Amino acid sequence: MSHLLREHAPITADGWREIDDEARERLTPALAGRKLVDFAGPFGWERSATNLGRITPLDGEPVAGVEAVQRRVLPLVELRAPFTISRAELRDLDRGADDIDLDALDAAAQRIAVAENLAVFHGLAAAGIEGIAEASTHPTIALGDDAFDRYPTHVARAVELLLSVGIEGPYGLALSPEGYTGVIETTERGGYPLLDHLKKIVGGPLVWAPGLSGAAVVSMRGGDFLFESGQDLSIGYDHHDADDVHLYIEESFSFRVATPEAAVALTH
């Protein structure tokens, strides 16, 4: 039996299929960090830590003439976003309804995607995770509050900083939701879409990144940013009552920056 306890939920196979499909549809566009970094796993719920390949010397000798060191690891963090679904809605789904209310699931998917993106881009200090923007060794580049037509200059400057330290492309550009909206709505002189111009500068994808503040140019050559998944995003069962089924979206992961100079943060 899985620790998710899905077998105990009063949900039919069709119900679970609909819930899983809806969650996948909501999560896929929002998980911006995964589109730009190296993803390893999933290795399972039992995975507890990521090997860092380093040691810490221990004081003293357990036995005379014997040295002791301790392996260093990065513990995985668990994220969980609870939500509820009406049992009446689930019964309607089994009757063939195709417009059931899954707003609570959509909101939970958005929350956990934002939390994961925050950890990747801005870190999660309590879990020992340093984010891409905080780890970068380059000076941050200031973005104008509303001068989207100047984004090509700022992004080109970020690419120049990466090239100057030998960090090759292609590069990806992560944008906050506000920045992404501004970019896709902006047309440069001559009618050329700003989105296309930025893609040519970085040579890689532009991603919508809820949870990111500002923007980040990230090398996608590989080996610089490492996301290790224990349990990938899954839906589990908590309990139910006469009216509602209480569920949750859950995952476990670690994230580490192996090459701090491989990204440049752009801030408002």
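**Entry 1: strand 11 and its partners**

I looked up strand 9 (residues 225-229) and found that strand 9 and strand 11 pair in the antiparallel sense over 5 bridges. Here two strands count as paired if DSSP finds at least two bridges between them. Helices (H or I, at least four residues) and strands (E, at least two) are DSSP runs, numbered from the N terminus. I noted that this is a predicted model, in which local features need pLDDT of at least 70 and side-chain atom pairs count only at pLDDT 80 or more, while totals for chains, interfaces and linings use all residues. Residues are numbered from 1 along each chain as its sequence is written, and side-chain values use heavy atoms, with hydrogens and water left out.

Which residue of strand 11 stands opposite Ser 229? I found Phe 253 in that place. Val 77 also stands opposite Phe 253; strand 4 (residues 77-86) is joined to strand 11 by 10 bridges and runs antiparallel to it.

I then turned to strand 10 (residues 234-240), which is antiparallel to strand 11 and joined to it by 6 bridges. Ser 234 has Glu 250 of strand 11 as its bridge partner. A hairpin of 3 residues leads from strand 10 to strand 11. Strands of a sheet pair through backbone hydrogen bonds, either parallel or antiparallel.

Buried means under 20% relative accessible area, exposed over 50%, and partly exposed in between (1.4 Å probe, protein chains only).

**Entry 2: the nonpolar core**

I looked up the largest nonpolar core, which has 73 residues. Such a core is a set of buried Ala, Val, Leu, Ile, Met, Phe, Trp, Tyr and Cys residues joined through side-chain atoms within 4.5 Å. Which residues touch the most other members of this core? They are Ile 132 and Leu 247. Helix 3 (residues 103-122) gives the most to this core, with 8 residues.

For Ile 132 I listed contacts (heavy atoms within 4.5 Å). Leaving aside neighbours within four places in sequence, the partners of Ile 132 include Val 37, Val 120, Phe 121, Val 218 and Phe 225. Phe 255, Val 257 and Ala 263 are also among them.

**Entry 3: helix 1**

I checked the length of helix 1 (residues 13-30): at 1.5 Å a residue, its 18 residues should span 26 Å, and the end C-alpha atoms are 26 Å apart, which agrees. The expected span is 1.5 Å times one less than the number of residues.

Which residues of helix 1 are buried? I found Gly 15, Trp 16, Ile 19, Glu 22, Ala 23, Leu 27 and Ala 30. Seen down the axis of helix 1, these buried residues fall within an arc of 135°, so they line one face. The arc is that of the directions from the helix axis to the C-beta atoms. An α-helix has 3.6 residues a turn, so residues three or four places apart point the same way. Ala 13 and Glu 25, on the other side of helix 1, are exposed. The cover over the buried residues of helix 1 includes strand 4, helix 2 (87-94), helix 3 and strand 11.

I traced an open sheet of 5 strands in the order 5-12-8-6-7, with mixed pairing. Strand 5 (141-142) and strand 7 stand at the edges with a single partner strand each, so one side of each has no neighbour in the sheet. Strand 8 (residues 215-219) and strand 12 (residues 263-267) run antiparallel, joined by 4 bridges. Within this pair, Ala 216 has Ala 265 as its bridge partner.

Helix 5 (residues 151-164) lies across strand 5, strand 6 (171-175), strand 8 and strand 12, and runs at about 155° to strand 12. Helix 6 (residues 177-185) packs on the sheet, touching strand 6 and strand 7, at about 125° to the direction of strand 7. Axes are lines fitted to C-alpha atoms, for helices over the stretch in contact, and angles run from 0 to 180 degrees between N-to-C directions.

**Entry 4: single residues**

Which form has the peptide bond from Gly 41 to Pro 42, cis or trans? I found it to be cis, with omega near 5°. Pro 42 lies in the loop between strand 1 (38-40) and strand 2 (49-57).

I also looked up Glu 116, which lies in helix 3. Glu 116 is buried, with a relative accessible area of 0%. Not counting residues up to four places away in sequence, Glu 116 touches several residues, including Arg 34, Glu 251 and Phe 253.
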